[in-house]
Amino acid sequence: MQIGEVATRTELSLRTIRHYEETGLVVPSARSQGGFRLYTETDVARLMVVRRMKPLGFTLDQMRDLLDATDRLDSGEAFDDDEREALLGRVRVYEQAATEQVEKLRVQLTRAEEFAATLGARLAQNGPAARP
């Protein structure tokens, strides 16, 4: 699929997708005869991993590292036990970091909801007003 369809499916801008290509994070699998970027479902899945990692504060290098580990695990390559455990260990580190960041975001969301409720209560105390 071409970059426009990928942008729609991933909800990423064309500019962002191109940036990820320039940094080597997610490179399109092919180019058309006219030079258009062509992406596969695997490329889209990689972009979705990146899209999910970004708001959690992961760096491009961390995204690259996780994608490398998962690519290797998914490759069907035979690993000895130590190598497989090392790859799984890398994935576990990111899973733990993501879980911790999600918890921090939950706390922030709770505080934001409390703040909005406080403002709503203040408005309600001061008489009826149209709410948007």
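Is Glu 11 buried or exposed? Select Glu 11: the residue is exposed, with a relative accessible area of 65%, where buried means under 20% relative accessible area, exposed over 50%, and partly exposed in between (1.4 Å probe, protein chains only). The model is predicted: local features need pLDDT of at least 70 and side-chain atom pairs count only at pLDDT 80 or more, while totals for chains, interfaces and linings use all residues. Residues are numbered from 1 along each chain as its sequence is written, and side-chain values use heavy atoms, with hydrogens and water left out.

Glu 11 lies in the loop between α1 and α2. Inspect its backbone: phi is near 60°, a positive value in a residue other than glycine. Most residues other than glycine have a negative phi.

**Into α2.** Select next Arg 15, which belongs to helix α2 and is exposed, with a relative accessible area of 70%.

**The whole chain.** Colour by secondary structure to see five helices and two strands, in the order α-α-β-β-α-α-α from the N terminus. Helices (H or I, at least four residues) and strands (E, at least two) are DSSP runs, numbered from the N terminus. Switch to the C-alpha trace, which spans about 70 × 45 × 20 Å along its principal axes. The radius of gyration of the chain, taken over C-alpha atoms, is 21 Å, whereas a compact globule of 132 residues would have a value near 14 Å; the globule rule is 2.2 Å times the number of residues to the power 0.38. Of the 132 residues, 23% count as buried.

**The core.** Select Ile 17, Leu 25, Leu 47, Val 50 and Phe 58, which touch the most other members among the 21 residues of the largest nonpolar core. Such a core is a set of buried Ala, Val, Leu, Ile, Met, Phe, Trp, Tyr and Cys residues joined through side-chain atoms within 4.5 Å. The elements giving two or more residues to this core are α1 (3–10), α2 (14–22), α3 (41–53), α4 (60–74) and α5 (81–125). The largest share, five residues, comes from α3.

**Around Leu 25.** Finally, centre on Leu 25. Its neighbours within four places in sequence aside, Leu 25 is in contact (heavy atoms within 4.5 Å) with Tyr 20, Arg 46, Val 50, Leu 60, Met 63, Arg 64 and Leu 67.
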